[in-house]
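Have a look first, then read on.

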Amino acid sequence: MAAPVRHRHRWRRRLGALARFVGALALVGGIYTAFAPGIYADEPKQNFDKLAAEGKELFDNSCVSCHGKNAEGVKGRGPSLIGVGGAAVEFQVNSGRMPMAKQEAQAERKEAVFTPEQAEALAAFIQKLGGGPEAPDKKWLADAVANADVASGGELFRVNCASCHGFATGGGALSSGKYAPSLRDVPTDQIYEAMLTGPQNMPVFADNQLSAEQKAEVIAYIEYLNNDRDPGGPFTLGRFGPSTEGLAIFLVGITTLALATLWIAGKS
Amino acid sequence: MKRRKFDMKQLPGKIGGELDDRFKLAKPARSLMTKVFPDHWSFLLGEIALFSFIVLLLTGTFLALFFEPSMVEVHYHGSYIPLKGLEMSKAYESTLHISFDVRGGLVIRQMHHWAALLFVAAILVHMGRVFFTGAFRKPRETNWVIGAILFILAFFEGLMGYSIPDDGLSGTGLRIMSGITESVPVIGTWANNLLFGGSGYPGDVIVTRFYIMHVLLIPGILLALIGIHVGLVFAQKHSQWPGPGRTEHNVVGFRMFPNYVSKQGGFFMLVFAVIALMGGLFQINPIWLFGPYEASVVSSASQPDYYVLFLEGLVRLFPSWEIHLWGFTLPAVFWPAVIGMGVAFTVPIFYPFIERRFTKDSAHHNLLQRPRDNPTRTGVGAMVTSIFLITTISGTNDVIADKFNISLNAMTWAGRIGIVVVPVISFYIAHRICLGLQQHDREVLSHGIETGILRRDAQGRFYEVHQPLGAPDEHGHVELEYNGWVVPKKMNKVGALAPAIKGFFKPIEQPRDAEPPAVEGEEPKKEVGAGKS
Amino acid sequence: MTDKHNSPDEPVDVTDPKLTKFDIVKEGLRRDGIEILHYEPAFPKPNTPEERRVERFIALCFVIAGLGALGFVVVYAFWPWHYSYGQASTMSKWYTPMLGLCLTLALGGLGIGILTWAKKLLPKEELVQDRHDGGSSEADRVIAGATVSTVLDDTGIRRRPLLRRALLFGAAPLGLAAIAPIGALIKPPGDSYYHTGFDAKKYNDGKPVRLMLKDGTELKPSMVAVGGQVTCFPSIPDGATNKHAESPTLLIHLRDDDAAETRKNAFSQYKDAQWNNFVAHSKICTHVGCPASLYEQQTNRLLCPCHQSQFQVTDNAKPVFGPATRALPQLPIDVDDEGFFYATSDYLVPVGPAFWEREA
């Protein structure tokens, strides 16, 4: 009989906390509004604040258990999100990695739980909390990728990305069960956000190292490889290189010809 | 003067006569055409290698018309957009040129690479056949030795072919070759300089040097040795399986003409067709994805072609045991790469002589052995096969780890433990299976075939009726000697029941065609009925 | 099981007009030690429906082969073949597959046709031939031995030791002379194993060598974010090319606590090698020389993709797994007055795989 009671207690406590928080926010907001009325004229800022508030609501429902009440992190469960920036949030949420299904070495890409709009709201909330790298403007990115120099992107890809993700963007193994995921079918903005923020074990490629335009070039190259049909035949053997080619010569070549020898030498 | 009438029908005879006048061909030609060859599917595996070699020569010649083995830096201005304007070696540029800007160049390049993989695969399978059937025994040791050398040459020929396009993957392979060369005690750095031209790795001569070895030196030796290899098979006459009428002193089969030659010709076309199919439909070595070789660039899943994977795997599995002696260093990689390769290449050469030391068998052997009849050799073969498989799998363990969600470190440890444990188990299991099969053969020979008919004796015990394969002596025992060939184990094999209907997926012969043939041979037939036994 | 009854020893007079062609062939076989065990036409009764069915099938195979070959020529000449970017609807993407398929039809049709002909239409035969192996007769061996021996006697090599030795002296150096030109390939290793492009004296007139990106941009601390890494090269002419294949270096920007740990763990000679939270290690694996550049920014591990050696950056890039024995050499770095990274010295130990002369 005790459990439900405790349950109600927790709920009440949470509701109380929320009410107090909203109250405090309202108070702070009110004071802020009173002292800085000019800000209201700024339309995008107003939208941003609205978005961030929406994001906070989502955060409190879905993220708070691992990342803590004010995204300050919970030891052993989830890192602090202060300063990670909106780009990281949008990458993790849109690629379905967050929320995580269970605690494991590496979060996997899966079906996204939130809509892109919700992800944007969450990103706005985190952005507002501590700043950090922001997600790229979608239209700018699309334009930049469309006009990027693919060859230059290829050079950057091979020296910076191929070591983990492979020459053919198929991904690869890292130490002790970790891996670099495949880049096929990854939306361009997520590739951009990943470079910018360095999710999980991926190194960060900040704008000073790989400028926004260079990132667009890398993305253009990845897109080119992923969308260009291989000229060497319909069976690409996963572009894994010599290992699957070796498998194919035995499974297709030797098997076919061994069956042929059975037929040739068989009694007719 | 009367004009002589020209008679088409006389022409072949006339040509033959003129040729014989000069070359005395009548007798050798006749002997050649009627030479008898035994027929068995396993005798055709070596031909796959021979025929792929011919395809390699044909396609390789085409590629050589366009390939430029030079490491001079140029800028790419070909059709493939993502490499446009980049600096690269002439070798890589001309390989791209073959792939994108030579009409039909890509299909020939892919056929060349597939034919190379098939060449080595067929050599391996053929070697396995010769090994497991004991075909390397006297008088054929020489041909085994030549065959083993052919494998080594094919290995290096392939490795060099993989290296000369100077793409990102082949350059990584070259760097590993350089590292392995450096690991040789005393002469390592000198040997490395000898290979790469003296100005350090990669220098600017390695592609040129490998090219001349790849297109002239090694193919020349390969061609000569293949000639001797096939010539010796011809001169010593092919070995054959035991069977009715077959002895150590004869060869049973069909004549070279027309039967053997037409089958060989047809099979050559099939091998060529399979290579063409793979060259057209299966993309191989897409060098344009790898980019030009740069010392700072590498890709995950960097691997050599499959026949080098066993060495790659050995190198991956070997622990980090570097030895320091008197101020000198013996790198860890020396053991798996140099010693490992040395053992893998030399021990097979000497296997016939090693086996002979143990068996003390100096007789002539023209009859093959079934693998079960030499359990130790079969066990050794199983052991070597398991080592080859484990090292090959370990050579690609990063791809397996990634695609099957296994920890890379776990894969390495599994390989390290596996290479110690599995060969022993493989030997034991193969040995046991051979003995079991032998025992079953002897059992059937002395007790007969299991008929599936159960009877009950007076005491009420059930027993299965066996169909004896020979007439019993006065004690009711059947004494049939095992003659090294298949013992019939089903009733339809001795003609007591209708033969099994032939066909792969559906019957290709009607049951009425498949009536019991009039079998002539040693096994007498007996009627088996439920009523009498 | 026919035809066992011709007399085994006596040669048949092949000019006898009564003999059939097959009789003559049999006589030839007999002279080669071959006996026919079994010989029968594939279709004893000619023109059965079954025979004609086989014939039609073989003819079909040959026709397919011809069409395939023609198709190959037509595709080769007329199919759009120039590479262009695109999906499956792009015609040129099917050029190679179409060529392969046509060639397969041509060769496969021919092959299957010929093989069916051989299997179904050729007479079914089984012959047995004597092997006659196992060495020559004793007399032949004696004769051969005597011949070789006389040849040697004729030359007198056995009783003329002076000539023997003189010949040896004359011929053996010729063998040496034949292999001597290989000497052109032999070059001493020199000191290239002990220098990289960061050697200021050798490559930069003694001025410290800065770190640069592949495109030539010289590196500043602000260019690499925390948790980031960058492949850099000596800022000398051709520094980023394969002429300096030993020089590629990985500059890593560690987090505060990781950097502190790295500093704490540093080998004594590397106490000053680290600049703030930045460390630079050779990218060339100490195992066999692949670029060990798979950097995991949370575990601070570097993985080599060739043989899976793993190096712990926070502990001097020492190997923690796999076949590598030695740590990735560290490049001592600092930042100059203009704010650019430079190497305070070349690598302190030889970079890359181990070799015999290398000291521990």
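Let's start with a pair: Ile36(C) sits opposite Leu127(C), a residue of strand 2 of chain C. Strand 2 (residues 124–130) of chain C pairs with strand 1 of chain C, antiparallel, over six bridges. Pairing here takes at least two DSSP bridges between two strands; helices (H or I, at least four residues) and strands (E, at least two) are DSSP runs, numbered from the N terminus.

This is a predicted model, where local features need pLDDT of at least 70, side-chain atom pairs count only at pLDDT 80 or more, and totals for chains, interfaces and linings use all residues. Residues are numbered from 1 along each chain as its sequence is written, while chains are lettered from A and ligands numbered from 1 in the order in which they are written.

Zooming out, the sheet is open and has four strands, ordered 1(B)-4(B)-2(C)-1(C), with antiparallel pairing.

Now for helix 4 (residues 138–155) of chain C. Its 18 residues should span 26 Å at 1.5 Å a residue, and the end C-alpha atoms are 26 Å apart, so the two agree (the expected span is 1.5 Å times one less than the number of residues). Just after helix 4 of chain C comes Gly156(C), with a positive phi of about 75°.
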